[in-house]
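Please read it alongside the sequence and the model.

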Amino acid sequence: MSYSVLVCDDSAVARKQVIKNLQSKLELTLHQAQNGQQAIDLLKTQQIDLLCLDLTMPILDGIAVLEAIKANRIECFVVVISADVQAKMKERVANLGVLGFLEKPVKAEQLLELLHQFGIR
């Protein structure tokens, strides 16, 4: 099965790492966004199955993206990949409906295991 995936991170290196990890195991149609506003624009115009989202970005941060997804009733799975691993932040994003929270730098095994738990193979 092919999945439409949006990787949103202001770091090109971080985006490439996530993409490499996903491409190694899944058939994908890939989209990229450098900030939250670009992500929301894509989510409103494209069918995206999975969003891999950083939290700390310019223009519109990851929390604002999650709030916009909820407010606009956009349906997609979201995995947060962030260096901000504070318990309060993990709780906050969990309350906004994310599948999971992974620490940067993301490890392929952790990302794929999380996705497999939700039927993404």
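**Packing, charge pairs and enclosed space**

The largest nonpolar core has 26 residues, of which Leu-43, Leu-51, Ile-69 and Val-93 touch the most other members; such a core is a set of buried Ala, Val, Leu, Ile, Met, Phe, Trp, Tyr and Cys residues joined through side-chain atoms within 4.5 Å, where buried means under 20% relative accessible area, exposed over 50% and partly exposed in between (1.4 Å probe, protein chains only). The model is predicted, and local features therefore need pLDDT of at least 70 while side-chain atom pairs count only at pLDDT 80 or more, whereas totals for chains, interfaces and linings use all residues. Residues are numbered from 1 along each chain as its sequence is written, and side-chain values use heavy atoms, with hydrogens and water left out.

**Nonpolar cores**

- Leaving aside residues up to four places away in sequence, Val-93 touches Leu-55, Ile-63, Leu-66, Val-80, Val-98 and Phe-101, a contact being heavy atoms within 4.5 Å.

**Salt bridges**

- The count comes to 3 salt bridges, each defined by a side-chain nitrogen of Lys or Arg within 4 Å of a carboxyl oxygen of Asp or Glu.
- Asp-9 pairs with Lys-104, their closest N and O atoms being 2.7 Å apart, and this links distant parts of the chain, 95 residues apart: the loop between strand 1 and helix 1 holds Asp-9, and the loop between strand 5 (100-103) and helix 5 (108-117) holds Lys-104.
- Lys-104 also meets Asp-54 in a salt bridge (3.4 Å, N to O); because Asp-54 lies in the loop between strand 3 and helix 3 and Lys-104 in the loop between strand 5 and helix 5, the pair ties together parts that are 50 residues apart in sequence.
- Asp-9, Asp-54 and Lys-104 are thus linked in a network of salt bridges, in which Asp-9 counts as buried at 5% relative accessibility, Asp-54 counts as buried at 3%, and Lys-104 is partly exposed at 24%.
- Glu-67 is partly exposed, with a relative accessible area of 39%, and Arg-92 counts as partly exposed at 41%.

**Enclosed space**

- A search of the whole structure finds 1 cavity of 30 Å³ or more, a cavity being a set of points on a 1 Å grid over the protein atoms alone where a 1.4 Å probe fits but cannot get out, with lining residues having an atom within 4 Å of a point.
- The largest cavity has a volume of about 40 Å³, a volume being the space filled by probe spheres set on the points.
- Its lining includes Val-7, Asp-9, Cys-52 and Asp-54, and the lining residues divide into 7 nonpolar, no polar and 3 charged, with Ala, Val, Leu, Ile, Met, Phe, Trp, Tyr, Cys and Pro counted as nonpolar, Asp, Glu, Lys and Arg as charged, and the others, Gly among them, as polar.
- Helix 1 gives the most to this lining, with 3 residues.

Definitions and conventions. 1 Å grid on protein atoms, 1.4 Å probe; cavity = no way out; pocket = protein on both sides within 12 Å on 5 of 7 lines; lining within 4 Å. Helix = DSSP H or I, 4+ residues; strand = E, 2+ residues; numbered from the N terminus.
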